[in-house]
Amino acid sequence: MGATKLNCTGECMFVVNKKVSRANSFNFVCDYVLIGDDKGPIDGARINANEQLYAVLFYEKRHFISLIVKKPTPYAISLVFRNRADYDDVLALLEMTANETRFSRQDFKISSYANRIIDKLRDGVELAIMDAVDKSNVAVCPECGVEVQPGALYCMECGAEL
């Protein structure tokens with residue numbers, strides 16, 4: 001991918017290390033993502049997507065993206081978009097740029113999940129990144145109460161017919 005600059009049409013909040021800024025531009029240059037405000041690149045927002053980025057968590061309903069940065073020290077960059085089109089464009093460009101990074105669909109607990117991942121990375125533990133599970137699609141065995149896949153004929157835990 002060459003160079004692509006995206007200027008936000010709506011408001012975008014950028015949070016890193018509990019410091020909040022307004023981001024208004026996203027530059028994608030080769031493997032790098034640079035997030036900027038009116039003054040230029042925001043401190044801590046220059047990332048080599050395929051070397052430093054550990055995971056990208058996203059929550060469509062709230063237009064929220066959390067970038068989990070692994071190197072040099074683990075931290076998270078949170079992006080909250082007011083405009084759905086800006087959110088969609090940035091997420092699509094991230095997917096094209098960070099082609100070696102795990103993308104994970106999340107729910108309203110996205111921030112706490114990002115913080116738990118960062119804590120583990122700081123401890124030297126790498127995790128498998130999991131998508132949030134929609135509990136409305138999960139069936140439960142009437143005999144033992146274990147969650148089973150929808151459409152399963154038998155419970156894999158107790159063998160009961162479903």
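# Close-up views of a predicted model

**View 1. Cysteine sulfurs without a bond.** The sulfur of C144 lies 3.7 Å from the closest cysteine sulfur, that of C155, which is too far for a bond. The model shown here and in the views below is a predicted one, and the structure holds zero disulfides.

View 2. Strand β5, formed by residues 53-59, is mostly covered, with seven of its seven residues buried. With strand β6 (residues 64-69) β5 pairs in the antiparallel sense over six bridges, and in this pairing A55 stands opposite I68 of β6. With strand β8 (residues 102-105), by contrast, β5 pairs in the parallel sense over four bridges, and here the bridge partner of V56 is F103.

**View 3. The hairpin of β5 and β6, with H63 in its loop.** Four residues lie between the two strands of this hairpin, and H63 is found in that loop between β5 and β6. The phi of H63 is near 55 degrees, a positive value in a residue other than glycine, and at 16% relative accessibility H63 counts as buried.

View 4. K18, in the loop between β1 and β2, has a positive phi of about 65 degrees although it is not a glycine, and K18 is exposed, with a relative accessible area of 82%. In the loop between β6 and β7 lies P72, where the peptide bond from K71 to P72 is cis, with omega near 0 degrees.

**View 5. The largest nonpolar core and the surroundings of F26.** The largest nonpolar core has 31 residues, and those with the most contacts inside it are F26, I35, I65, L67, I77 and L79. Two or more residues are given to this core by each of β1 (3-16), β2 (19-29), β3 (32-37), β4 (40-48), β5, β6, β7 (75-81) and α1 (84-97). Leaving aside neighbours within four places in sequence, F26 is in contact with residues that include L6, L34, I35, L79, F81 and V90, as well as T4 and K5. A second, separate core of 14 residues includes Y59, A114, L121 and I129.

View 6. D86 is found in helix α1 and is buried, with a relative accessible area of 2%. Although D86 and T9 are 77 residues apart along the chain, their C-alpha atoms are separated by 6.8 Å. Beyond its neighbours within four places in sequence, D86 is in contact with L6, N7, C8, T9, G10 and F81.

**View 7. R122 in helix α2.** The place of R122 is in helix α2, which spans residues 110-122, and R122 is partly exposed, with a relative accessible area of 47%. Once neighbours within four places in sequence are left aside, R122 is in contact with P74 and Y75. The C-alpha atoms of R122 and E161, which are 39 residues apart along the chain, are separated by 45 Å.

Technical notes
Residues are numbered from 1 along each chain as its sequence is written. This is a predicted model: local features need pLDDT of at least 70, side-chain atom pairs count only at pLDDT 80 or more; totals for chains, interfaces and linings use all residues. Side-chain values use heavy atoms; hydrogens and water are left out. Buried means under 20% relative accessible area, exposed over 50%, partly exposed in between (1.4 Å probe, protein chains only). Two strands pair if DSSP finds at least two bridges between them. A disulfide is a pair of cysteine sulfur atoms within 2.5 Å. A nonpolar core is a set of buried Ala, Val, Leu, Ile, Met, Phe, Trp, Tyr and Cys residues joined through side-chain atoms within 4.5 Å. Contact means heavy atoms within 4.5 Å.
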